[in-house]
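The exercises below are to be worked through with the sequence and the coordinates at hand.

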Amino acid sequence: MSQQIRYQLIIVAAAAVIFFVNLGSTGLWDMDEALYSACAREMLERDNWVVPWFNGDMFPEKPPLMFWTMIAGFKLFGVNEFGARFFSAVLGAATALLAFHLGRLLFNPRVGFWTGLITASTIIFTISARAATADCVLTFVTTAAMLFFVLGRIRHAKPQAANRLDDVEYGDNIPSHRPLAANPPSPVIRPSSPLRLPYAALMYGCLGLAVLAKGPVGMVLPLAALGLFVLIEGGWRRAIRSAWEMRPLTAVVVIAAVALPWYVMVGLQTDGQWLRQFFLEFNLRPFKQPILGHGDASSLQHVWAATVSFLYYFYHIPAVLFGFFPWSVFLGPTLIHTVQSLRKKTPLPSPLSPLLPVCWFGVWLIFWSICKTKLPHYLLPAYPALAVLTAFWIDRWLSGESGESRWSAFSRHWLRDAWISTIVAGLGIVVAIPIVAGYYLPGDAPIGLVGLIPLVGGVWCWRETARGRDRRALGVFSVMAVLFLTATFGFAALRVDRHQNAEPMMDAIRADYVGQVGNLSNTSNSGQVDNLSYVPPIATYRFFRESTVYYAGHPVTRCEGDRQTALATLGEFLDQPGPVYIIATDRQEGEIMEAFGGRLQVIFRHPRFLSPGEMVVFRCDGSEASGSTKP
């Protein structure tokens, strides 16, 4: 078996374990998973793959690529959690393979191996690969576009002696070189070379898919990263020529051919309403919304708000430290090594390394730091770039580099600090999770035991490093990462899921409805009594969770606004043949009972998920049984 095939099989095996173990065993998590899955389900039921819908209304927040993958999953596995998440997991594993080939082409197969493994085994990537969201779809097409860019710059070199970095084999801190002999022609990446047309078309085709996954930003950010790279590589004097070498006409034609037909169709089917809301509101909203709200300029509150807002621009620094864990323990030496590599005069394996991943990650970091809307997964499409840089440092370390200065990227202090950070993180999980679980997950304090995996793993790695076996220590760390993420999201998440309330509420409503319909001979819904999957009409009162719509299987009435408006909407809902059901929290229970107490009966209570209070379900027998319910 060739080395590259072996590397890829290991990456796929690790990704399969992390992403697929108990993938469909937990309910959909509010809000994104339930929202997008309900939208895909409604599109499937309407047999309309063009216009996204949610809860009976047009949904102008997201383009359709994510929904198409979920619909395909529903057709393969049924309308369930596994079907909704299946292609996120598949594309997550595929992204890890693409990352392998990026690292291989930019540096060598070993860097590719570490890149693919790191990509598949970070917290934020695992969350996204196990979730019914757009993140893995967007990350996959973005990484594919970057890979096609690299392939488009490759030219075959003449045979050369085996004296490059990628011909160095490593053991435990002992570099070993192959005999100097002529190699067959190998691919190298020449600076300032025009993209080869087939790969340019494939790259821009991926960016067209990114527009279908995220909107214009899915295309703008990769083009900005590549533009920055080309500008730095060629210099200001060659800016126009470098831009022309990127084949802009091909970009316009291919991206338009891939993305434009759907945008035209959705505009025609909605009389332009979807396009107006999507482009004017949801694409500009991250830049228009104020951060945390500002008070008057003369007030002390404004000074505090301005300070917090300033710090908020650094939001993604701790987000990356958490999201890239456990590999974030190596970000310190990775940063130093990257800076040193960019400043070195000596040639690297290719002109693109490590400049391309630096431009890639840097554009995402700066763009989303400036935006006022902050979410940790916004940087996910750039995580393969961070994985490449981390893998490059690991490979150089294991190839025998050493540093005398404490701040050298190859100082042995960095490994010691990495293992200490891993041990501290594991200890923190063991201590903190049971405390938090005592408030929000009663009875499930044992899930904190997953912290024993990084705790024991960090100690083991320390022991191997102390014996001079750095390569074995990195192997132990890799296995620890796979076990930790699998235990956390494949098993501990099952216990957390027991505290979600959408499915228990629907089960209670369904069971109560069957019993009530069986006792009401004159109800118009009596034909549904034998269908145990049927959920009767539901309204939510001044409280809404997207999972309610998904598990109800049909749109629900939302009674929102101020108290008077919400009660009026609820009264209209109750003036229909029953039984009908209302979902609210115990905070609203008093005002509902005050207005309609004579008509309602509480049939179910359940603690709120990760929040204080309870969810309450009411039944009303409807206007046919007892007359009007208007307050």
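**Exercise 1: a helix pair**

Determine how helix 20 and helix 21 are oriented relative to each other in this predicted model.

Solution. Begin with the axes: those of helix 20, which spans residues 452–466, and helix 21 come within 8 Å and cross at roughly 175°. Angles over 145 degrees count as roughly antiparallel, and helix 20 and helix 21 are therefore roughly antiparallel to each other. Next, list the residues that make the contact: on helix 20 they include Ile453, Pro454, Trp460 and Glu464, while helix 21 contributes, among others, Arg472, Val476, Phe477, Met480 and Phe484. Finally, sort this contact by class, which gives eleven nonpolar, two polar and three charged residues.

**Exercise 2: the largest pocket**

Describe the largest pocket by its volume, and then by the residues and elements that line it.

Solution. The volume of the largest pocket is about 1,600 Å³. Its lining comprises 48 residues, of which Trp29, Ile127, Phe489, Val496 and Leu610 are the closest to the centre. Two or more lining residues come from each of helix 2 (32–46), helix 6 (123–129), helix 19 (412–440) and helix 21 (470–497), and helix 21 gives the most, with six residues. Divided by class, the lining holds 29 nonpolar, eleven polar and eight charged residues.

**Exercise 3: the chain as a whole**

Solution. Among contacts between residues at least 6 apart in sequence, 74% join residues at least 24 apart.

Definitions and conventions
Residues numbered from 1 in each chain as written. Predicted model: local features only at pLDDT ≥ 70, side-chain atom pairs only at ≥ 80, totals over all residues. Heavy atoms only, no water. 1 Å grid on protein atoms, 1.4 Å probe; cavity = no way out; pocket = protein on both sides within 12 Å on 5 of 7 lines; lining within 4 Å. Points joined across faces, edges and corners; volume = space filled by probe spheres on them. Helix = DSSP H or I, 4+ residues; strand = E, 2+ residues; numbered from the N terminus. Nonpolar A, V, L, I, M, F, W, Y, C, P; charged D, E, K, R; others polar. Axes fitted to C-alpha atoms, helices over the stretch in contact; angles between N-to-C directions. Parallel < 35°, antiparallel > 145°, perpendicular 65-115°, else oblique. Contact = heavy atoms within 4.5 Å.
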